[in-house]
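Please examine the sequence and the structure shown below.

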Amino acid sequence: MTGAPQAWQAGWTGAGVKVGVIDTGIDQTHPDLAGRVAAAENFTTDPDTLDRVGHGTHVASTIAGSAAASQGRYKGMAPGATLYSAKVCTEIGCPESAIVAGMTWAAQQGVKVANMSLGGPDSPETDPIEAALQDLTHRYGVLFVVAAGNDGLGGESTINSPGDVAEALTVGAVTKTGELAEFSSRGPRTSDAGIKPDITAPGVGIVAARSSTSDLWPDSENPQYASLSGTSMATPHVAGAAAILAQQHPDWAPERIKSTLMAAAQPNAAIGVYEQGAGFLNVARAIQQTVTASPVSVAFDRTTTAQKSTVTYSNSGSSALTLALSLDAKDADGAPAPSGLFSLSASSVTVPAGGTASVTVTVQAGAGLPDRYFGGEVTATGGGAQVQTPVALDVARHELNLKLVGPDGGAPKADQGWVTILTDLDRQTQLVLGDPATTEYRLRAGRYLVQTYLLTGDPFFPDITSLVRPSLDLTRDQALTMDARLAKPIAVSVPNPKATAVWQESGWTIRTEQPQIWGSNDPYGVLMNVPLDHVRTAQIGNGKTPGFVSYVHGMWGQVDQDGGLHNSPYVYRVYLYEPERMMTGLTRKLRPDDFATVRSQISADVAGVPVSRSAVAHAPGNSPVYRDERNVPPTFTYDVPSTVTEYYTKDKQAVWQSTSAQRGYTYYESAWTSFEPGRTYTVKWANAVAGPVFPEPNFGQQFATRYFGDTMGGPGPLHGDGTGHMGFRFARGGSVEVNLYRNGVKIGDANQAPWSWDVPAQAGDYRLAATFRSDPAFTLSTVVDAEWTFKSAHVSDGGLVKLPMTAIRFTPDLDIDNRAPAGRLFAIPVSLDRQVGAERGRTTALRIEASFDDGKTWQQLTVQRSGEKAVAWVRNPAGTGFVSLRAAATDSGGNTVKQTIIRAYRY
């Protein structure tokens, strides 16, 4: 699809061309790359040039792999090229200094093309890698082919550095059928209206060589290969194409190779210029391309006056060419641009052999246009030649003058670390400004949150000043001063002087739209695991910002002799917040009556496995801040069964969600709860009977729901505890079987729960059945079998419907070992829990049975029901053993539920 086979047939394979691979190294033992690497150098802290990541080998194979291990199937773009491997990345990242050193080394080896399938967040300034790319391009004549980045879901201006550099040939990714990959980063550049990426190539599901020293998942058809996706995979396609042109035209400068590949590219009418640049790579056309355009793209800032730019065509052919010119422009949504917005000075030009001819592109004043970019291509055709030159008019942007003032009232100093982060609240993208010497920035019109961090003192344990302007209206040019002298310290203490602070964080969240999925959908900025006595904060500017919350969060407990948090006799959990403003410091000396006492009685699902406890809080109207694998608060662990004591604050309307887990076996999660200071609460966890529950969902699609028109998910949690906490078990040595039936015919299955299926739009009678057989380590609820019947039909786009399902929850009064008294009549309270948000229904029938021989025989129990609550009476046998429970219910809508729980509790 790239046209490479046609180039090979013409004799162009990249033979004799040196190509640099600036990446994670190359596995030179792979059959496809044996003898292809002329030199390899390591610029990392690794002891050797081995590729333990697998990324560099995959990239190298796409450039110049021989396909020896696949009988010619997975051949590289330029199989005759010679590779030079600069290892600059490891499993933990790519240091800036290593990248610059690797780029320099590759250039010094005489490479004509250098592949850089790497990058990072861009800023308007020129960073050292960008400066090196510019310098090495001009000094050594190297064409750097650079990945656009995989931040496309963040929207516009997400091109990674150094792909924003004009000299770079920047590559976006498309699927093998030509659609833009959703992850592919988009333009314009952060510093101006410049069009990036320059070109696109295949970057989804690319199969190439797998390094034998990496952990990459092998391809199912051939373990010598791996399938990866990303602009990293698109980039080597273009690097290989550049090597082909370098073989064909060894005297060509980097800009000539770049302009030829872009001139020969094929644009997709369904993709905008800031997503695809000139279009899709076409090597077959490039090796015959005699006409190129300069500049390779034309972009205009939006101004109040008309603007002009000249496009010059060069003809390297032996005869003159007359080119018919046209300009087709659309807005970002694909609608035609306003008539007359773009125009050309001529409808055709004649380009003499070996000469040039020019046309002027004019764009009218941008005032009054919708807030979206407009773009398209100037297409020149004639004499068998065709050239596309991307053209764009950017959205409106304004100037931000940013002044930074240090603690002494002066300008930033060399021994201080400054970074400013601009969060675009309308589009939820971020721009990082890392050069304190730069004061002028060009930004898209909109509403921004501005945060400046100042780091001083010990570089390994710095003091951090956090300055926040919660909302800056940039619908006009603005000046903003971030003055560190305004910041004040944070000091929070708990009433127990022996308690040790084990986790502290401070930051903010802001609600800009209602969350659609679980987790922190709100933008946030948080200093995690930074001691509060190392933090100073201030709001910059006056006024309140609706939806904004600043907060501090901390945990205090007893640290054991090994430095762990095992069996701590107390835990203090603190969450303090200020709505609509950034805290300017905070001093709180908390007293005992500022806390609620929560005694958690925790049973053991699995003997001998400690329980881990954690909790997170948030203010009303804002998402909690969830952590990632890099910043995980420590958990307090306990031997169970046991009762643990925790103290919770309640600041204003804050709520807490706590979790209890035996890692690798179980996980329970509470509903969002507030605890009144001065009160004592007792909460049971992992108390029998563990079975289906329908707690309050964290997001719309959670649990049993029909959404996206005809996607059906379910069932709900199969192992909630008797308290009703949401819970699940890991299958481990057990098994899970889920089956979905429609009108009596099985239409879906799964070996995990929950799951989702696409179902027919028409109304139907459904049955959802799930059987979970627990790992042998569990002694209770060893088998949970549940079945629901209900009717369901198509839901409107954007809507969702909670399925009319009910969980039968048993809550017997058991001891902490989940044991009931033997040899006596015993009451089992029952709750018929309708799924939250489902259509209402009344229970019309309920039947409950018990078994004392693990389900071989059953006895019907006497049941007293009142509405959705009931009590079942069972006579537990004498001695010791287990009671299993079976129940069935029907509601007023004809929906049914059946549940069987083997070994529900012990006696």
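This is a predicted model: local features need pLDDT of at least 70, side-chain atom pairs count only at pLDDT 80 or more; totals for chains, interfaces and linings use all residues.

Residues are numbered from 1 along each chain as its sequence is written, and side-chain values use heavy atoms, with hydrogens and water left out.

**The disulfide**

A disulfide is a pair of cysteine sulfur atoms within 2.5 Å. One disulfide is found when the whole structure is searched. Its partners are cysteine 89 and cysteine 94, with sulfur atoms 2.0 Å apart. The link of cysteine 89 and cysteine 94 is right-handed, with 110 degrees about the S-S bond. Burial is judged by relative accessible area: buried means under 20%, exposed over 50%, and partly exposed in between (1.4 Å probe, protein chains only). Cysteine 89 has a relative accessible area of 4% and is therefore buried, whereas cysteine 94, at 36%, counts as partly exposed.

**Helix α3**

Helices (H or I, at least four residues) and strands (E, at least two) are DSSP runs, numbered from the N terminus. Helix α3 covers residues 96-108 and has 13 residues. From its first C-alpha to its last, α3 reaches 19 Å, close to the 18 Å expected at 1.5 Å a residue; the expected span is 1.5 Å times one less than the number of residues. Which residues of α3 are buried? They are Ala98, Ile99, Gly102, Met103, Trp105, Ala106 and Ala107. The elements that cover these buried residues include the strands β1 (18-23), β2 (37-42), β3 (82-87), β4 (113-116) and β5 (143-147), as well as helix α4 (128-140). Just after α3, glycine 110 takes a positive phi of about 90 degrees.

Axes are lines fitted to C-alpha atoms, for helices over the stretch in contact, and angles run from 0 to 180 degrees between N-to-C directions. Contact means heavy atoms within 4.5 Å.

| Helix pair | Axes come within | Crossing angle |
|---|---|---|
| α5 (residues 231-248) and α6 (residues 254-263) | 10 Å | roughly 115 degrees |
| α2 (residues 55-64) and α5 | 8 Å | roughly 35 degrees |

In α5, Val238, Ala241, Ala242, Leu245 and Ala246 meet Ile257, Thr260 and Leu261 of α6. By class, this contact of α5 with α6 has seven nonpolar residues, one polar and no charged. Here Ala, Val, Leu, Ile, Met, Phe, Trp, Tyr, Cys and Pro count as nonpolar, Asp, Glu, Lys and Arg as charged, and the others, Gly among them, as polar.

On the α2 side, His55, His58, Val59, Thr62 and Ile63 meet Ser232, Met233, Pro236, His237, Ala239 and Gly240 in α5. The residues of the contact of α2 with α5 comprise five nonpolar, six polar and no charged.

**Backbone features in loops**

A cis peptide bond, with omega about 20 degrees, joins alanine 688 and valine 689. Valine 689 has its place in the loop between β39 (680-685) and β40 (705-707). The peptide bond from glycine 714 to proline 715 is also cis, and its omega is near -10 degrees. Proline 715 lies in the loop between β41 (711-714) and β42 (726-729).

Glutamate 580, a residue other than glycine, has a positive phi near 70 degrees. The loop between β31 (571-579) and β32 (586-589) contains glutamate 580, which counts as partly exposed at 28% relative accessibility. Arginine 732 has a positive phi near 45 degrees and is found in the loop between β42 and β43 (735-742). At 48% relative accessibility, arginine 732 counts as partly exposed.
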